[in-house]
Amino acid sequence: MDALNQKIDELNVECRKIDLLKKFEEKTGVKSIHGVLGGACIITGFVFIGVFAQMLANFAGCIYPLYKSIKSLQSPQVNDDKQWLTYWTVYGLFMIFDDMSWFITSYLPSYYLIKMIFLIWLYAPTTNGAVLLYNTVVKDLFAQYSRKIDKFLVQLFGESKQLAEEIKEKSTDRRTLNKIDDTIRPRSTSARDENIAGEGSHSEPAVGSLSKEDPQVVPNKKED
């Protein structure tokens with residue numbers, strides 16, 4: 001019992017480092033860790049009965065790690081950066097499989113509760129499961145397949161760069177052809193208009209010449 005109380009006091013000290021929980025303890029007189037545990041029980045109850053289960057599970061896996069990650073970036077220490085970078089690495093790998101687990105949720109109603117507990121286990125200071133999974137699983141897999149992945153990425157980005165350069169060259173040539181076409185088109189249009197105007201002037205009938213033609217003289221008939 002003494003060991004449990006000692007662990008609760010240690011967690012309460014950690015909770016008091018958060019300004020919001022510290023103010024909560026000062027105003028209510030309730031220990032910060034008790035407020036956290038009470039809120040965790042309420043959230044767990046909602047997840048268990050399926051009310052906003054997916055949102056609350058993701059909330060539990062992101063909010064506290066996000067806060068601690070920002071704090072670690074602002075601190076001069078390096079160990080906390082490595083700790084939270086390890087968490088986000090394991091979290092990202094887990095979310096890849098989580099997106100494909102839609103068929104599990106239909107057969108396992110308590111899936112989101114298990115997911116929430118698992119995410120808390122990953123970053124909880126007492127368990128630090130992310131470091132454990134990284135050292136036992138992710139590290140070995142990365143060492144085994146990292147060279148193949150690097151080779152694939154180099155080939156992929158190399159071909160993408162070459163394709164982008166070809167598209168750029170073709171687009172540049174197309175723009176050049178459009179400029180040349182736009183430059184030539186007005187001249188050809190004006191020349192065509194002049195030709196049409198010239199043909200029209202020659203094709204008009206000479207009205208004056210018709211009026212000057214001599215009338216035909218009809219011979220007088222001889223009188224009988």
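Reply: We can start with Asn128, which sits in the loop between H7 and H8. Keep in mind that this is a predicted model.

Me: Why is Asn128 called partly exposed?

Reply: Buried means under 20% relative accessible area and exposed means over 50%, with partly exposed in between. Asn128 has 26% relative accessibility, so it counts as partly exposed.

Me: What is the phi of Asn128?

Reply: Asn128 has a positive phi of about 50°, although it is not a glycine.

Me: What does Val47 touch?

Reply: Leaving aside residues up to four places away in sequence, Val47 touches Ala53, Leu56, Tyr112, Leu113 and Met116. A contact here means heavy atoms within 4.5 Å.

Me: How far apart are Val47 and Met116 in sequence and in space?

Reply: Val47 and Met116 are 69 residues apart in sequence, and their C-alpha atoms are 8.6 Å apart in space.

Me: What makes a set of residues a nonpolar core, and which members touch the most others in the largest one?

Reply: The members must be buried, must belong to a list of residue types that includes Val, Leu, Met and Tyr, and must be joined through side-chain atoms within 4.5 Å. The largest nonpolar core has 19 residues, and Val47, Tyr87, Tyr112, Met116, Leu119 and Leu122 touch the most other members. Helix H4 (53–74), helix H5 (79–99) and helix H7 (111–123) are the elements that give two or more residues to this core. H7 provides the largest share, seven residues.

Me: Which residues does Leu122 touch?

Reply: Not counting residues up to four places away in sequence, Leu122 touches Tyr87, Val90, Asn128, Gly129, Ala130 and Leu133. Asn128, the loop residue between H7 and H8, is one of these contacts.

Me: How do you know that Lys115 and Asp98 form a salt bridge?

Reply: The definition asks for a side-chain nitrogen of Lys or Arg within 4 Å of a carboxyl oxygen of Asp or Glu. The closest N and O atoms of Lys115 and Asp98 are 3.0 Å apart, so the pair meets the cut-off. Lys115 is in helix H7 and Asp98 in helix H5, 17 residues apart, and the pair links distant parts of the chain. Both residues are buried.

Me: How many salt bridges does a search of the whole structure find?

Reply: The search finds one salt bridge.

Me: Why can Val137 belong to a surface patch?

Reply: A patch takes residues with over 30% relative accessible area and no salt bridge. Val137 is at 39% relative accessibility, so it passes the area cut-off while counting as partly exposed. Val137 lies in helix H8, residues 129–203. The nonpolar patch consists of Val137, Leu141, Tyr145, Ile149, Phe152, Leu153, Leu156 and Phe157, with about 740 Å² of accessible area together.

Me: Where does UniProt place the feature "transmembrane region"?

Reply: The unreviewed UniProt entry places it at residues 36–64, 85–104 and 116–138. In the model, residues 85–104 are 90% helix and 0% strand, with end C-alpha atoms 28 Å apart. Residues 116–138 are 78% helix and 0% strand, and their end C-alpha atoms lie 21 Å apart.

Me: What is the secondary structure of the protein chain, and what share of it is buried?

Reply: The protein chain has nine helices and zero strands. Of its 224 residues, 17% count as buried. The chain exposes about 18,200 Å², of which carbon and sulfur atoms supply 63%.

Conventions: Residues are numbered from 1 along each chain as its sequence is written. This is a predicted model: local features need pLDDT of at least 70, side-chain atom pairs count only at pLDDT 80 or more; totals for chains, interfaces and linings use all residues. Side-chain values use heavy atoms; hydrogens and water are left out. Buried means under 20% relative accessible area, exposed over 50%, partly exposed in between (1.4 Å probe, protein chains only). Helices (H or I, at least four residues) and strands (E, at least two) are DSSP runs, numbered from the N terminus. UniProt positions are given in the numbering used here, feature names are shortened, and annotations may be inferred rather than shown by experiment. Patches are made of residues with over 30% relative accessible area and no salt bridge: like charges are joined within 9 Å, nonpolar side chains (Val, Leu, Ile, Met, Phe, Trp, Tyr) within 5 Å. Accessible areas come from the Shrake-Rupley method with a 1.4 Å probe; for residues, only the protein chains shown count as cover.
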